[in-house]
Structures are given as structure tokens and as C-alpha cells.
Amino acid sequence: MSNIDIALLSFPALLLLIFLRIPIGLAMLIAGIGGSYFINGSFLMVFAQLKNLTWGTFSSYSLSIIPLFLLMGQFATLGGMSQALFKAAETWMGHRRGGVAMAAVGACAGFGAICGSSLATAATMGQVALPELKRYGYSGELATGALAAGGTLGILIPPSVILVIYAILTEQNIAKLFVAAFIPGILAAIGYMIAIAIYVRLKPGSAGLRERAPYSERFRSLLGVWPVLIVFIAVVGGIYGGIFTPTEAAAIGAFGTGVIALANGGLNRRTLTASILATASATGMIFLIVFGAGVYNAFLALSQLPQTAAAYVGSQGFNPWLVMVAVLVLYLVFGCIMDSLSMILLTVPIFFPIMSALDFGLAPEEFALWFGIIVLIVVEVGLITPPVGMNLFVINSMARDTPLSATYRGVFPFVLTDIVRVAILTMFPAITLVAVRLLY
């Protein structure tokens, strides 16, 4: 077999390992080591590669931003920021038809701005919002669907762990990617609220009404949101303003949310230990996936598959937009069976060289930023796409009286809005790039 044949056969082998319930990071590690062995005919080069790759991967200064953002999310939860965000949004919007569900989406967007993790956003806001949605007569279908979709805003609203990984893989500026994600993130939240508004009009019995809160209560609820605003301005504003590097901003954010959690009584010796252990566990899982993907992608580079595929697509004269649609469809399919981080680590080293060789009428850096946001959105759709939408399982596990099939039905309108948003942002790259062009 040729090296290309070995690389192509590694994909079904990798999927088989995943279906056998081997952790994705370990599956990519096994596939990468096995593929390199078949190409080299010996483990000697593989072992040498593992030594160098381990040091090269985990000594990366850029990766230090990941545990800091995860720790910031842990402290934000302890500081009661999720409750404050939801309470404020519910007070202002709860009296509208579908307003409590819209408030949950808005609170997810706010919490995503200081968390950076989709699963953490979904789990945290699910604990806060599900009881309120049930209290006001929302159907389990709508409640779980809205929260699962709202949780995806955790990886789209800056700061985002997935965007950091994409920036490292493609050697792009993290701050510019955060800027480019801002408008699509706002559009996502608005799209989800529109989906809720349409849903409750088509199914009036799916949502109850909350009494209108007086303006005194509304303005009072905003007092609890100011810590979130301060942290967001310090972190994201510091990055945009050039005051901090992204890693420094993450450290400032973790420290700030820790101080707020301490002031609110949520942080003590026990919860601090639990937060550090949870952060270490999540970081270890992410780093194992990063390492496994590094080994697998090194094998693919050795096989010359990405370079050959890029040269083939470029020489065939395919319409760039047709290739873009094909890649996005593949991402939607992968999203049904893989988690978001694994998809990014596995596919970007293959798809990015192919797409970069095509002409979309954009400068190389602008293309990289635009393509990254499009990919992130499609990966986000994978988090709420059956049968392996991770957010669906997280939310459904909290709503034990709601069948998983009902959650699947409830999230369908939000998936439709995501597809519409992907189409709009794909056809009009300027929407994604306008903030970057203004600031840089």
C-alpha cells in the first residue's frame, strides 16, 4: 500500500476505535502510532517522535490559556454569576411570550463571555434555569432544547477555548479571532430568541407567562450583573485594547472571578480545592486529546495526505464555494459522532490547507479568520445534533421527566437557525470580518 492508502484507511480505523468507546484522544494516539509504524516499518522513529512531540506540545505557552479560562468558569459559577445573569434577563424579558426561555439564552450568552466552554455553560445554566422554566409552565421539549442550544454560545462568545485551539493549529492571532467571533455570537443569541418567539406562537401551550416586573425590580436586578461586566471588560477589552496578551487576560479573569466568588461567599478552602481539581481534570482531558491529535496529524503529514489533497483540489478547478459547502456538510456529519474539540483537532490540519489553496477573494489572514468562525459555528451545531450532541445529554440528564426524544424535537428549530446563520455568514464574509477591519 502507498502512504496515501495507509492514511485513508486510518480514518475508518479511527472511527472503529471511537465506536468501541475508546476515548477519542487515546484513539487518535493509537491510530497515529500505528499509521507511522506502517509507513516507517519500525517503532524507532515513532518513539523519537513521541519524545519530541510531547515536549513541543505541552511546553507551548499559548496552551496555558486553556486551564486559566476553565478556572475562570469554575470561579464564575461559585460567584453566583450565572444566577445573577439569569435573574436580570428574566426580570427584563420574562413577561413576554417565551420570555423566560429567551432570558435563559441571554444568560447563556453572558455566562459564555466569562466561561469559554459550551458544556460548562450548558450545565451551569441548566441548573439555574430549568427549575424556573418548569415553574412557569414551559414544556420539557422547549426548555431543554433552548438550554442545549444556548449552551453552545459558550464556545462562540469570546473568550473561547475552541478558538484558542484553532488559532494554535493555524498560527493565527487569538485576539483577532475573538474579535471576529463577537458579531456571529450576538447573531446566534438573537437567532435563538427568534426561534423561541416563533415556537411559542406555533405551540401556545408550550410556554406559560410570568408576571411583568416593575421597573424598580428590573434596575435592581442589574446590580448583580456588574461583576460579570467588569470581568468581561477586563478580559476581552484588555485583549482588544492591546493591554494584555490573551494568556495574561485569562489570568486576570481567573483572579477577578476568584475575588468575586470569595466576596460572595462561594469560595472557601473546600470549593477552591474542588475547582482546582475540576480544572486539572478538564485540562488533562483536553491535553490528552491535543496530544493524540498531534501524533495523528504528524502521521498524516508524514503520509503527505493533506498536501496531496490540497494539490488535487487546487488542480481540478473546483468551484471554491462548492468545496466550502462540501466541507461544511462533512462537519455536520462528523458532529453527529464526535465532540467539538476532537473535530477541530482532527480536521483543521487536513481541511485548512485545502481551503487555503482556493480563491475566496480574501487575504490569507482574513480567510483564516473567516473560515475559523464558520467552522466553529458548524462545530457548535454538532453539539446539539443527534445522536451524539453532548449538550443534549448534559441538559436532558438534569430534566429527568423529559424523554431524550423530546429534547431532540425541542432543539430542531435552533439547529435550523444555526444552518441559516452559517449560510448567511458564508455568503457574506464581511459580516464576520467587519469588526476586525475596524479595530485592526
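View 1. Of the contacts (heavy atoms within 4.5 Å) with a separation of 6 or more, 79% are between residues 24 or more positions apart. This is a predicted model, in which local features need pLDDT of at least 70, side-chain atom pairs count only at pLDDT 80 or more, and totals for chains, interfaces and linings use all residues. Residues are numbered from 1 along each chain as its sequence is written, and side-chain values use heavy atoms, with hydrogens and water left out.

**View 2. Helices of the chain.** The chain has 22 helices and 0 strands; these are DSSP runs, helices being H or I of at least four residues and strands E of at least two, numbered from the N terminus. The C-alpha trace spans about 70 × 50 × 45 Å along its principal axes.

**View 3. The largest nonpolar core.** Such a core is a set of buried Ala, Val, Leu, Ile, Met, Phe, Trp, Tyr and Cys residues joined through side-chain atoms within 4.5 Å, where buried means under 20% relative accessible area with a 1.4 Å probe, protein chains only. The largest one has 149 residues, and Ile66, Phe69 and Phe86 are among those with the most contacts inside it. Helix H11 (residues 174-202) gives the most to this core, 15 residues. Apart from this core lies another, of 6 residues, including Leu29 and Phe291.

**View 4. Surroundings of Met355.** Met355 is also among the residues with the most contacts inside the largest core. Neighbours within four places in sequence aside, Met355 touches Val323, Met324, Val327, Phe360, Phe367 and Phe371. Of the 440 residues of the chain, 55% count as buried.

Methods: Buried means under 20% relative accessible area, exposed over 50%, partly exposed in between (1.4 Å probe, protein chains only).
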